[in-house]
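Visitor: I have a structure to look at and some questions about it. Could you take me through them one at a time?

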Amino acid sequence: MALTGAPAWRYIVWPVHRGYTSGIGVVMWPLYGAFVHLFHDVLRSDPRFRAVSGDFARGVLIAADAMLLEVCANLFSLVVFGAFTFYYLPDDLLHFTTIQIFLPYCAVGVLGVHVLNRLEGRPGAAWIGGAAWVLAAGLV
């Protein structure tokens with residue numbers, strides 16, 4: 001991780017680029033992107049979630065949710081396959097996720113909310129997302 005000078009995680013399943021990412025990201029990240037979009041839509045439109053109506057609050061909630069999803073993904077992988085899909089090198093939360101990642105996740109979550117706000121309702125927004133996926137898949 002650029003902030004600490006040491007890697008924060010290692011992918012175990014289909015590692016690419018020395019384990020910094022994984023080939024399953026080609027499937028995993030678009031699914032996560034769709035989840036974040038739908039989650040953002042519910043938070044923005046459902047009156048029961050007025051407490052998290054601001055961009056900052058939604059970004060922080062998305063960060064916390066990402067950490068919870070990481071724990072679930074690794075629990076599933078451990079139960080079904082007997083191995084982590086990825087693990088965090090800091091073991092403060094038993095390698096499932098780490099507190100160290102929360103602030104960067106918050107920053108990226110808030111940035112993601114701003115991107116979703118800008119793309120919302122734009123014609124061709126799905127094409128922009130598709131092009132970003134093709135670019136990312138090419139980089140992996």
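Predicted model: local features only at pLDDT ≥ 70, side-chain atom pairs only at ≥ 80, totals over all residues.

Visitor: Which residues make up the largest nonpolar core?
Guide: Members of a nonpolar core must be buried, and their side-chain atoms must come within 4.5 Å of one another to be joined. The largest such set here has six residues. They are Ala 8, Tyr 11, Met 67, Phe 86, Tyr 88 and Ile 101.

Visitor: Leaving out residues up to four places away in sequence, what does Phe 86 touch?
Guide: Phe 86 is one of the residues of the largest nonpolar core. Tyr 11, another member of that core, is among the residues that Phe 86 touches.

Visitor: Is His 40 buried or exposed?
Guide: His 40 has its place in helix α1, which covers residues 25-45. Beyond its sequence neighbours up to four places away, His 40 touches Arg 58, Val 113, Leu 116 and Asn 117. A residue counts as buried when its relative accessible area is under 20%. The value for His 40 is 2%, so His 40 is buried.

Visitor: How many disulfides does the structure hold?
Guide: Two cysteine sulfur atoms have to be within 2.5 Å to count as a disulfide. For Cys 72, the nearest cysteine sulfur is that of Cys 106, and it is 18 Å away. The number of disulfides is zero.

Visitor: Which residues are linked with Arg 44 in a network of salt bridges?
Guide: Within helix α1, Arg 44 and Asp 41 are three residues apart, about one turn of the helix, and their side chains form a salt bridge. Arg 44 also forms a salt bridge with Glu 120, where the closest N and O atoms are 2.4 Å apart. The residues linked with Arg 44 in the network are Asp 41 and Glu 120.

Visitor: How many residues apart in sequence are the parts that Glu 120 and Arg 44 tie together?
Guide: Glu 120 forms a salt bridge with Arg 44. Glu 120 lies in the loop between α3 and α4, whereas Arg 44 lies in helix α1, so the pair ties together parts whose separation in sequence is 76 residues.

Visitor: In which helix do both Arg 58 and Asp 55 lie?
Guide: These two residues form a salt bridge. Arg 58 is buried, at 4% relative accessibility, while Asp 55 is partly exposed, at 22%. They are three residues apart, about one turn, and both lie in helix α2.

Visitor: What accessible area do Phe 76, Val 79, Val 80 and Phe 81 have together?
Guide: Phe 76 is found in helix α2, residues 55-81. A residue is exposed when its relative accessible area is over 50%; Phe 76 has 53%, so Phe 76 is exposed. Together with Val 79, Val 80 and Phe 81, Phe 76 forms a nonpolar surface patch with an accessible area of about 480 Å².

Visitor: What is the phi of Arg 18?
Guide: Most residues other than glycine have a negative phi. Arg 18, in the loop between β2 and β3, has a positive value without being a glycine. His 95, in the loop between β4 and α3, also has a positive phi, of about 70 degrees. For Arg 18, phi is near 60 degrees.

Visitor: How far apart in space are Trp 133 and Val 26, C-alpha to C-alpha?
Guide: Trp 133 lies in helix α4 and is in contact with Val 26 and Pro 30. In sequence, Trp 133 and Val 26 are 107 residues apart. In space, their C-alpha distance is 7.8 Å.

Key
Residues numbered from 1 in each chain as written. Heavy atoms only, no water. Helix = DSSP H or I, 4+ residues; strand = E, 2+ residues; numbered from the N terminus. Contact = heavy atoms within 4.5 Å. Buried < 20%, exposed > 50% of the residue type's maximum accessible area, 1.4 Å probe, protein only. Patch = residues over 30% accessible without salt bridge, like charges linked within 9 Å, V, L, I, M, F, W, Y side chains within 5 Å. Areas by Shrake-Rupley, 256 points an atom, 1.4 Å probe, with all protein chains shown as cover. Salt bridge = Lys/Arg side-chain N within 4 Å of Asp/Glu carboxyl O.
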